[in-house]
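Subject: Structure handover and notes

Hello,

Please read them with the model open.

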Amino acid sequence: MAEFWPRRGPQWDALGLAGDKIVLVEAKARVPEFVSPACQASESSLLKIRTSFDRVKDALGVESQFDWTQRYYQYANRIAHLWWLRQSGVDAHLLFVDFLNVKEVAGPSDIETWQCAYTAADLKLGLRGNHPLSAFMHHIYPDVTLLEQA
């Protein structure tokens, strides 16, 4: 991992196992939280991150002009870590938990809002709709109002 990413790496919302599969979990309650700012790494760390992003983009068929260190940086680094684990022989999956109806933060009330946010991110990052990692990236949309009723 040290050759791929700076020491502090990503901070996952959860990590889990599903049988023999590793599950990386990223959870969000509102769209602005998903639209993350640019990478804030030091110059030496940024160089390592850019080099790793270039490897991932090449493997996914993303053209080089798409800069993954800017907007949607967190989403991009989650995809990069999924790629690194899978190319290292780990059966890893990335699960996005996109909550609905979180009133305290004015979160989306419909799945389509989340889907539009991810489509916008994919376009900004140059990802095609059916890239090589698509089958290993999953979304669930728990409705907080239903959870509160349970």
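A first point to settle: does Tyr72 count as buried or exposed? Tyr72 counts as buried, at 8% relative accessibility; buried means under 20% relative accessible area, exposed over 50%, and partly exposed in between, with a 1.4 Å probe and protein chains only.

Some conventions before the rest. This is a predicted model, in which local features need pLDDT of at least 70 and side-chain atom pairs count only at pLDDT 80 or more, while totals for chains, interfaces and linings use all residues. Residues are numbered from 1 along each chain as its sequence is written, and side-chain values use heavy atoms, with hydrogens and water left out. Helices (H or I, at least four residues) and strands (E, at least two) are DSSP runs, numbered from the N terminus.

The sheet

Four strands make up an open sheet of mixed pairing, in the order β1-β2-β3-β4; two strands pair if DSSP finds at least two bridges between them. The edges are taken by β1 (14–18) and β4 (137–140), each with a single partner strand, so one side of each is left without a neighbour in the sheet. From one strand to the next, the twist averages 30 degrees.

The pairings are as follows:

- β1 and β2 (residues 21–28) are antiparallel, over five bridges; Ala14 has Val25 in β2 as its bridge partner.
- β2 and β3 run parallel and are joined by seven bridges; Ala27 has Val97 in β3 as its bridge partner.
- β3 and β4 also run parallel, joined by four bridges; Leu95 stands opposite His138 in β4.

β3 is mostly covered, with seven of its seven residues buried. In a regular strand the side chains alternate between the two faces of the sheet. In β3, Ala92, Leu94, Phe96 and Asp98 point one way and His93, Leu95 and Val97 the other way, all of them buried.

Helix α3 packs on the sheet, where it touches β2, β3 (92–98) and β4. The direction of α3 makes about 155 degrees with that of β3; axes are lines fitted to C-alpha atoms, for helices over the stretch in contact, and angles run from 0 to 180 degrees between N-to-C directions.

Helix α2

α2 has 18 residues and reaches 25 Å from its first C-alpha to its last, close to the 26 Å expected at 1.5 Å a residue. The expected span is 1.5 Å times one less than the number of residues in the helix. The buried residues in α2 are Ser45, Ile49, Ser52, Phe53, Val56, Lys57 and Leu60. Seen down the axis of α2, these fall within an arc of 140 degrees, so they line one face of the helix; the arc is that of the directions from the helix axis to the C-beta atoms. They pack against α3. On the face turned away from the buried side, α2 carries the exposed residues Glu43, Ser44, Leu47 and Asp58. Gly61 follows α2 and has a positive phi, near 75 degrees.

The loop between α2 and α3

Thr69 lies in the loop between α2 (43–60) and α3 (73–87). Thr69 is buried, with a relative accessible area of 2%. What does the side chain of Thr69 make a polar contact with? One partner is the side chain of Arg50, at 3.3 Å, and another is the side chain of Gln70, at 3.5 Å. A polar contact is a pair of N or O atoms within 3.5 Å; within protein, one must be able to donate a hydrogen and the other to accept it, and residues adjacent in sequence count only if both atoms are side-chain atoms. Leaving aside neighbours within four places in sequence, Thr69 is in contact (heavy atoms within 4.5 Å) with Ala38, Cys39, Leu46, Ile49, Arg50 and Phe53.

Tyr72 is also found in the loop between α2 and α3. Tyr72 has a positive phi of about 70 degrees although it is not a glycine.

Ala106 is exposed, with a relative accessible area of 67%.

Lys124 sits in helix α4 and is partly exposed, at 45% relative accessible area. Leaving aside neighbours within four places in sequence, Lys124 is in contact with Phe66, Arg71 and Tyr72. Lys124 and Ala76 are 48 residues apart in sequence and 10 Å apart in space, C-alpha to C-alpha.

Regards
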